[in-house]
Amino acid sequence: MAVDTTVSELLDRFGRTYAEEAGITLRDEPSPLYRLLVLTVLCSARISAGTATAAARELSAAGLRTPRAMAGARRGTLVAALGLAHYVRYDESTATALVRGAELLLDRWRGDLRRLREEADGEPERIGGLLREFPRIGPVGAGIFRREAQAVWPSLRPYFDERVLARARALGLPGSPAGLAGLVGAEDLARLAAALTRAGPADVGAA
C-alpha cells in the first residue's frame, strides 16, 4: 500500500484523539488543558482507553473542569463520577491522585498548565519531566499528554513516542518523528499519532 494511502486510511479510520473521544475541545487555555491532564491521569492506570475517556466525560459533566473545582470536590462526587464510567478498580486511588494533582497545579503554577510550559521553556523533555511530578503520571502518561497537546503547543511538534514509531515502521511508514511529520500538516500530527496508537498492521488495508 502506498504511503499516502496508508496515512489517509489511518486518519480516516483511527485518527480520533483521546481528547476528542473525551469530549474535550482542546485549546491553549487553562480549562481544556487541565481536562487533558485529568484524562492523562485516568489513562495512566491499567485500564482501557475507552473507560478512561468515559470517566473524563463523567468528571466534566460533574463540573470538575478546573483544578480549583477538583481540589474542592467531595470525595463521594469523584468516586461516583468514576463509577458511572465503570472506572471502578482504581476509583479511590484515582480520586486521591486527581485531588493532589489539582492542589499541585494550583500551588505551583496557579492552576494554569501554560505556566508549566513556560517553566520548561517549551522544551518537550522538560515538559515531560514536570508532568511526571503529578501523582500517577509516569513516562507513559507524560507521553500521552505531549502527544495530544502538540495540537495546541507547537513547541512539542512533532511528538511521536517509541511505541508509535514502531507501529509506523510496521506499516511501512517513516520511523522517525521528522519523517512522520513530513506526511501530514501540523494540524494533523496529533491525529496521526493517535491513529498509530490505535491501529496495528492487521487493521490497515483490512476494511
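Here is a short chat about helix packing and nonpolar cores in this predicted model.

Student: How are H3 and H4 placed relative to each other?

Tutor: Take H3 as residues 30–43 and H4 as residues 49–61: their axes come within 9 Å and cross at roughly 140°.

Student: Why is H3 called oblique to H4?

Tutor: Check the cut-offs: over 145 degrees would count as roughly antiparallel, and 65 to 115 as roughly perpendicular. The angle here is roughly 140°, so H3 is oblique to H4.

Student: Which hand does the crossing of H3 and H4 have?

Tutor: That crossing is right-handed.

Student: What makes the contact between H3 and H4?

Tutor: H3 brings Arg35, Val38, Leu39, Leu42 and Cys43, while H4 brings Ala52, Thr53, Ala55, Ala56, Leu59 and Ser60. Sorted by kind, these are eight nonpolar, two polar and one charged. Arg counts as charged, so Arg35 is the charged one.

Student: Which residues touch the most other members of the largest nonpolar core?

Tutor: Out of its 52 residues, those are Leu37, Leu42, Leu59, Leu113 and Trp153. Several helices supply at least two residues each, including H2, H4 and H7, but H3 gives the most, with nine.

Student: What does Leu113 touch, leaving out residues up to four places away in sequence?

Tutor: Its partners are Leu33, Tyr34, Leu37, Leu105, Phe134, Phe145 and Trp153.

Student: How many residues are in the second, separate core?

Tutor: That one has 19 residues, among them Leu10, Val184, Leu192 and Ala195. Membership takes being buried, which means under 20% relative accessible area.

Notes: Residues numbered from 1 in each chain as written. Predicted model: local features only at pLDDT ≥ 70, side-chain atom pairs only at ≥ 80, totals over all residues. Heavy atoms only, no water. Axes fitted to C-alpha atoms, helices over the stretch in contact; angles between N-to-C directions. Helix = DSSP H or I, 4+ residues; strand = E, 2+ residues; numbered from the N terminus. Parallel < 35°, antiparallel > 145°, perpendicular 65-115°, else oblique. Left-handed = near helix turned anticlockwise from the far one by under 90°. Contact = heavy atoms within 4.5 Å. Core = buried A, V, L, I, M, F, W, Y, C linked by side-chain atoms within 4.5 Å. Buried < 20%, exposed > 50% of the residue type's maximum accessible area, 1.4 Å probe, protein only.
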